[in-house]
Amino acid sequence: AEGDGERMVPIDLVRRELADDPTVDITTTGRTTGLPRRLEIWMLDVHGRFFITGTSGTRDWMANLGARPGLVVHLKQRAQADLAARATVVTDPATRRAVFEHPSAWWYRAQQPLEQLLDDAPMVEITFLDPAT
């Protein structure tokens, strides 16, 4: 349709943004306050799927997303875009392993043993919402 070429598919935009730097900002909604909470974090592109994870331990961002899965991903390196998204907590062992074994997750493996990350590190998969909806 006319004009479709002007609107970049968010997945392509995100993949290009993360190609050489995983740093993004996210805005979550506080689980108790309901207030927006923005923080800088890494997002990993694992075969065209997007994940936010961390080393083992409690994270406010994870608690917020567990309670209120809507978020905004702020691309700030080149794209300068704010993308609406939804987070899904990742509990599937095969998916968790695929993420932590992916080359883009090298830093996490350097911080903790893989088995510990697989057992209890926070992880969500990010799904971008269609901007037309």
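**View 1. Strand S3 (residues 44-46) and S4 run antiparallel and are joined by three bridges.** Strands here are DSSP runs (E, at least two residues), helices are DSSP runs (H or I, at least four), both numbered from the N terminus, and two strands count as paired if DSSP finds at least two bridges between them. This is a predicted model, in which local features need pLDDT of at least 70 and side-chain atom pairs count only at pLDDT 80 or more, while totals for chains, interfaces and linings use all residues. Residues are numbered from 1 along each chain as its sequence is written, and side-chain values use heavy atoms, with hydrogens and water left out. The two strands S3 and S4 form a hairpin with two residues between them, and His47 in the turn has a positive phi of about 55°. Within this pairing, Asp45 stands opposite Phe50 in S4.

**View 2. S4 also pairs with S7, in the antiparallel sense and over four bridges.** Here the bridge partner of Phe50 is Ile126 in S7. Because four of its five residues are buried, S4 is largely enclosed by the rest of the structure; buried means under 20% relative accessible area, exposed over 50% and partly exposed in between (1.4 Å probe, protein chains only).

**View 3. Helix H2 (residues 60-67) has Trp61, Met62, Asn64 and Leu65 as its buried residues.** They cover an arc of only 160° around the axis, which puts them on the same side of H2, the arc being that of the directions from the helix axis to the C-beta atoms. The face of H2 turned away from this buried side carries the exposed residues Asp60 and Gly66.
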